[in-house]
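Reader: I am new to this structure. Could you show me how to read the contacts between its side chains?

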Amino acid sequence: MKLFLYVVLFLSSTTLFAQHTISGTITDAKTNTPIADVNIYIKANNKGTTTAADGTYSIPNLKPGNYDIFFSVLGYQEIHKKIQVTTNTVLNLQLQPTALELEGVLISAPFHKLQKDNVMKVEKVKTENLSKANTITEQLSQVPGINQISTGSGIGKPVIRGLSSNRVLVYIQGVRLENQQFGEEHGIGVSAAGVESVEIIKGPASLLYGSDAIGGVLFLNPELYAPIDSLQTDISAQYFSNTNGINTNLGVKSSTDNFKFLTRFAMQQHADYKYKNTRVTNTRFSEYDLKAGIGFGSDNITNDIRYNLNFSRIGIPEEIGIQNNHIKPLLPNQSIENHVLSANTKAKLNYGKLDMTVGYTHNQRKEYEDAHEHHDEEEEEEHEEEHEEHNDDPTLEMHLSTLNYNFKYELPEVNNFEIIIGTQGMFQKNKNFGEEILIPDANTTDFGVFSTTHYHWKNQALQFGFRYDYRKIQLLREKANKQYNSFNGALGYKIDITPKITGRINLASGFRAPNLAELTSDGEHEGSNRYEIGNINLKEEQNMQLDLNLNYKSEHFEFFVNGFYNNINNYIYISPTEMFIDNAKVFLYLQENAYLYGGELGFHLHPHPLDWLHITSSFETVTGKLSAGDYLPLIPANSIHTNLDLTIANTKKNITKAFVGVKNVFKQHKTNPFETNTNAYNLVNLGVNTSIKTSKANFQVNLGINNVFDKEYINHLSRLKTDGIYNQGRNIIVGATISL
């Protein structure tokens, strides 16, 4: 930490240079009319602004040097410019109209490029473009290749191409989220409020992120600060008919040239979800989320400090019982408290750039259990108040504290070569306070070093890198140490076959050390009615994945096809036995080589001259098997997602859009021996959204209907399917937002 402070002080004391300004006007390449609200972003120092109504912009206080500047706005192709600033610079640009979506700058990729320039295929989605849902993982399950393991409507774990839990890393505020993610009884502990966009890496990303990224990464980008010299306020509310739920959030942000501030508070409460006339008892939950950030600095050095507090109280469903609209969870239930504090510093040196992130996360997980007494239907209502007001100490209480760091140094580009070297690691402590111990007190230390290179020429690009990782797990009560290490690499190639066709091929390895639950579990899991026993002799998982991507994109049509093959040595899985402990079936953690393969394909059509219509459709498939022949558990069923987006009205002051979404899910019969098959089903969603602009405020009203025909269905990844409990029925969502 002292070294970090010395570096910052050194950078802050560098010689001051003259200040310059980049300014200009952005216009439409076909009509020459000015374009308002163009987002302008400078990569080196996180500075940005937007164009005024007349298309003009200005970025002041820039020191002499080279800058990467990105220009983007909905309805136009992005532009990336490399500018050398030696004096005040005028840069006028014309943007080419396009009917397809923006790709945006990728923050999760090492060199922060536009997707069209990136060697690895990374999905980037704005949360505002996803249909509303109770959790962010449910929203992301609309993206091809992404699913969720759910327990009711309030608990969702992300699944990327059939891999989940500790095989998928979640990053928020630039730091890895550590919150006992092995646990299947709670979600990721992140609210969608205050998340600008999500970048999805499908496949091993251990080169940049270390252990646990063999399945992929969800990189959650926090909301942007307000444009320079502006103050923005917004408030929104939504109502969910199925759960009698509400979701509200309030945000305020302001920026000057050298100081930025934002804060956002969100709250949601939901009763038990229902299908037809049946409510699924104790799927109720509440969530409270606070996010705040400050940004400050100069042209040579910028700082971004973010904080997030997320608290949720979630019921753990066991059976169909009490039927009402109450919010307070019954027993058993859990409270999850997450704190995330991060500090990012970007420094522009005389030779290269330094990107430093330090983060601290603290997770408190508490579970409250009952005595598992069973009552008949007449007694259930009588005992509900007793269940709700039960206030004993938690049976299970774990505190997980993690300090992590990520330092990257980017050398100046020379002859089309870009090089990044870095180090990454964490110090983690797990401590128990409850009477029940699910996993023991333990300390974990991670350390990794890596280097990656990007080389581009003409219409081609090559990217490769290497990494070494070391992990030590110290089991305190057992007085035992477990150590794991791994070398990994990645190699990728991209070629623009024609101006409209791009091909990519990537080969990458990754690894995952066993988590504490897999090594040391010895107890019954609430809600799953199984007794899990860990295996202290488990080895680390090591995988190698091949990815292929072909993409065609014109002004009115886009087509993509992705394929992958993922080979995993020492795959860790849980398997049932014939033994019982305390009336719960015993499950053991085992290892065996495994492999997964599949992919996604889809298209986006904006037929000319039907400017009011967009048609998108995608198909996804995953197959996973153990080397001995059994199928892997929790593999999502094949599915097709089709959306029709329609612009009903589009004027300067009013935009009204509607959509019809159809999801076709196939039968899942390729199941593990202890799983059950799942039938096929079809779902239809509808929605309409109206935005109204006035001189003082912007208003937005939306109406959505999920599962329009109230279909009774069971998702293969629902943890309630073994009890024959259906997923959520029809849900009408009404919402409004006011922005000042």
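Author: Counting each side-chain nitrogen of Lys or Arg within 4 Å of a carboxyl oxygen of Asp or Glu as a salt bridge, the total comes to 24 salt bridges. This is a predicted model, where local features need pLDDT of at least 70, side-chain atom pairs count only at pLDDT 80 or more, and totals for chains, interfaces and linings use all residues. Residues are numbered from 1 along each chain as its sequence is written, and side-chain values use heavy atoms, leaving out hydrogens and water.

Reader: What is the idea behind such a pair, and where can I look?

Author: Side chains of opposite charge can pair when their charged atoms come close. Here, Arg176 and Glu178 form a salt bridge at 2.8 Å, N to O.

Reader: Is Arg176 buried or exposed?

Author: Buried means under 20% relative accessible area, exposed over 50%, and partly exposed in between (1.4 Å probe, protein chains only). Arg176 has 6% relative accessibility, so Arg176 counts as buried. Glu178, also at 6%, is buried. Another salt bridge joins Arg365 and Glu367 at 3.1 Å, N to O, and both residues are buried. Salt bridges with shared partners also connect Glu123, Arg161, Lys202, Asp547 and Glu600 in one network.

Reader: How many aromatic pairs are there?

Author: There are 17 aromatic pairs. Rings of Phe, Tyr and Trp (its six-membered ring) pair if their centres lie within 6.5 Å; planes under 30 degrees apart are stacked, over 60 edge-to-face, and the rest tilted. Tyr455 and Trp457 are stacked because their centres lie 5.1 Å apart and their planes meet at 25 degrees. Phe619 and Phe666 are edge-to-face, with 6.3 Å between centres and 90 degrees between planes.
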